[in-house]
Amino acid sequence: MRKGWNGPARLLDGAGIAATIKDELAERVRVLTERGYTPGLGTILVGTDPGSVAYVAGKHRDCAEVGIASIRVDLDADATQEQIDAAIDQLNADPACTGYIVQLPLPRGIDQNTVLERIDPDKDADGLHPMNLGRAVLRVSEPIESPLPCTPRACIELMQRHGIDLEGADVTVVGRGTTVGRSIGLLLGRKDINATVTSCHTRTRDLAAACRGADVIIAASGQAGLITADMVKPGAVVLDVGVSRITDPSTGKTRLAGDVADGVDEVAGWLSPNPAGVGPMTRALLLVNVVEAAERRAGIR
Ligand SMILES: Nc1nc(=O)c2c([nH]1)NC[C@@H]1CN(c3ccc(C(=O)N[C@@H](CCC(=O)O)C(=O)O)cc3)C=[N+]21
């Protein structure tokens, strides 16, 4: 938060920091490759959801930029649970694959939890396997030598690299989805971060009050424009994590919209743009998870 703040917000430059992180990773990848441990990222994509197709393509482009090998498994939208299981078993067994993700959401009829639990926890590049989430719950004061969820890591890294102090800060998290809302509190409450976390969702009685009291708002509900200027304490840090695809009723065209409404930039002290904020950072932290997994395998962490 910024004292005596009187807008407009400074931008949390996710695209810029992501580029810096990728530069740092390229050097670590070079060392790994020299030792015969080139990291490899796998993706399993089921179906042709345009958002998912675009994200997966972005992840493979990022890999190429830093020298990480990439392995792509694309399945039809009507793939069976058995076919998805077989793709997971294949990547679990593939020595060239250091870590991989199964792009979410999965088509209707496929059980997400069964899929996530089948991933080898050491290769869980998303940090969403119950073993890895469980480690994050249990190890609050020691370093965690296993993958952590990418978007929560991305949010924290984005703030830390802009010098934002989270020690004792009041952080309100809006949304309780698997990839962000449910797990980010595990990281924010760690003894090396020490934030105080309030977790809100669609049944919260007074969301505006919970937001107004916060030094930091993490908006990850997936409801376009949910967080409005009147809900933000002047000078607060606002991270716009949500991604919704909305259709303009007059033109019929779709566009991407975040959780944060226009006008918040006039009140907040810091704001992550969307696009170019948390999205590119999430992709960068995915690569960090893969490089860290490769370093563990190579015995250099
Ligand atoms: N297993 C799994 N892991 C994920 O991490 C995961 C997932 N499933 N399913 C969907 C969400 C969404 N997500 C995004 C990643 C990058 C951008 C991103 O880089 N966006 C660009 C813009 C991209 C555009 O314009 O389409 C930006 O913000 O600048 C956005 C969204 C990862 N997710």
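Biologist: How much helix and strand does the chain have over residues 149-297?

Modeller: Residues 149-297 are 28% helix and 19% strand. The end C-alpha atoms of this stretch lie 19 Å apart. Helices (H or I, at least four residues) and strands (E, at least two) are DSSP runs, numbered from the N terminus. This is a predicted model: local features need pLDDT of at least 70, side-chain atom pairs count only at pLDDT 80 or more, and totals for chains, interfaces and linings use all residues. Residues are numbered from 1 along each chain as its sequence is written.

Biologist: Why is α1 called oblique to α2?

Modeller: Helix α1 (residues 14-34) packs on α2 at about 60°, with the axes 8 Å apart. Axes are lines fitted to C-alpha atoms, for helices over the stretch in contact, and angles run from 0 to 180 degrees between N-to-C directions. Under 35 degrees is roughly parallel, over 145 roughly antiparallel, 65 to 115 roughly perpendicular, and the rest oblique. So α1 is oblique to α2.

Biologist: What makes the contact?

Modeller: Lys22, Leu25, Ala26 and Val29 of α1 meet Asp62, Glu65 and Val66 of α2. Contact means C-beta atoms, placed from the backbone, within 7 Å.

Biologist: How do you know where the shell around the ligand lies relative to domain 1 and domain 2?

Modeller: Domain 1 (28-126 + 283-290) and domain 2 (149-280) both give residues to the shell, so it lies between them. Domain bounds come from an automatic or database domain assignment.

Biologist: Which element gives the largest share of that shell?

Modeller: Helix α9 does, with four residues.

Methods: Contact = placed C-beta atoms within 7 Å.
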